[in-house]
Amino acid sequence: RVSTLALTGMLTGDTRYCEHAVDMLLSAVRQTDVADYEKFNGHLAVGDGGHAYSMAYDWLWPYMTDEERSLVRDEIRSFGTWLYEWSMRGRGYGAFIPQNLSCNHNAVHHGGLGLCSLALGENPEWYRRAARFVRGYFEHARDETGYNYEGVGYYAYGSWGAVPFGVALKRAGKGDIF
């Protein structure tokens, strides 16, 4: 809902949509934390949360006060910290091996991590790790015909994590993983 409102406001120029999106964003920031997302669905929910907060921060920055920006930045930082630490432990999708790289979980997790770094303009080790793993997703997720090993639905979910990060990375002048 936040992205729909924000996009509508940006496209129409009607700031009421963006202001409502900010209210919804701040409500989520104030009512939940990274531990809640971890309980929802582990690293996937935390990756999705980092992605969502980072995109909302980028799109809605002009419509927030300094205090509101600070609240959202703190939330993004907590998500990024969790994602980076989980990845660095090397278990699950933090292990740089083809089987793990080819899974949509890798792209969702690391795409969210990379967006956290880029949104904050901090922790370059986060976006560098994310770029390495997401590039690995693009290299290992498809067979020689271009078809995704997990099928179209899972590839869509993985791409939803990977593509926005790749676009943001390129936009920031930090590389082109495509």
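Trainee: Where does Asn123 lie?

Mentor: Asn123 sits in the loop between H6 and H7. Bear in mind that this is a predicted model.

Trainee: What is phi of Asn123 near?

Mentor: Near 50°. That is a positive value, and the residue is not a glycine.

Trainee: And how does Asn123 count by accessibility?

Mentor: Partly exposed, at 23% relative accessibility.

Trainee: Confidence next. What pLDDT does the protein average?

Mentor: The average is 96. Of the residues, 100% score at least 70.

Trainee: Where is confidence lowest, and where highest?

Mentor: Lowest in helix H5, residues 98-101, with a mean of 91. Highest in H2, at 98.

Trainee: On to pockets. What volume does the largest pocket have?

Mentor: About 420 Å³.

Trainee: Which residues are closest to its centre?

Mentor: Val2, Ser3, Ala52, Tyr53 and Ala56.

Trainee: How does the lining of the largest pocket split by class?

Mentor: It has 16 nonpolar residues, three polar and two charged.

Trainee: What about the second largest pocket? What is its volume?

Mentor: The second largest pocket comes to about 280 Å³. Its lining has 14 residues. Nearest the centre are Met55, Asp58, Leu115, Ala168 and Arg171.

Trainee: Which helices each supply at least two residues there?

Mentor: H3, H6 (104-120) and H8. H3 gives the most to the lining of this second pocket, with five residues.

Trainee: Switching to charges. How many salt bridges does the count come to?

Mentor: Seven salt bridges. Take Asp66 with Arg69: their closest N and O atoms are 2.6 Å apart.

Trainee: How are Asp66 and Arg69 placed in helix H4?

Mentor: H4 covers residues 66-88, and the two residues are three apart in it. So about one helical turn separates Asp66 and Arg69.

Trainee: Buried or exposed, for Asp66? And for Arg69?

Mentor: Asp66 is exposed, at 61% relative accessibility. Arg69 is buried, with a relative accessible area of 12%.

Trainee: What does Arg77 form with Asp74?

Mentor: A salt bridge, with the closest N and O atoms 3.0 Å apart. Both residues lie in H4, three residues apart, which is about one turn of the helix. Arg77 is partly exposed at 26% relative accessible area. Asp74 is partly exposed too, at 43%.

Trainee: How do the side chains of Arg77 and Glu122 meet?

Mentor: In another salt bridge, 2.9 Å from N to O. This pair links distant parts of the chain, 45 residues apart. Arg77 is in helix H4, while Glu122 is in the loop between H6 and H7 (124-140). Glu122 is partly exposed, with 24% relative accessible area.

Trainee: Which residues do salt bridges with shared partners join into one network?

Mentor: Arg73, Asp74, Arg77 and Glu122.

Trainee: Why can such side chains pair at all?

Mentor: Side chains of opposite charge can pair when their charged atoms come close.

Trainee: Is Cys103 buried or exposed? And what about Cys18?

Mentor: Cys103 is buried, at 10% relative accessibility. Cys18 is buried as well, with a relative accessible area of 0%.

Note on methods: Residues numbered from 1 in each chain as written. Predicted model: local features only at pLDDT ≥ 70, side-chain atom pairs only at ≥ 80, totals over all residues. Heavy atoms only, no water. 1 Å grid on protein atoms, 1.4 Å probe; cavity = no way out; pocket = protein on both sides within 12 Å on 5 of 7 lines; lining within 4 Å. Points joined across faces, edges and corners; volume = space filled by probe spheres on them. Nonpolar A, V, L, I, M, F, W, Y, C, P; charged D, E, K, R; others polar. Helix = DSSP H or I, 4+ residues; strand = E, 2+ residues; numbered from the N terminus. Salt bridge = Lys/Arg side-chain N within 4 Å of Asp/Glu carboxyl O. Buried < 20%, exposed > 50% of the residue type's maximum accessible area, 1.4 Å probe, protein only. pLDDT = per-residue confidence, 0-100.
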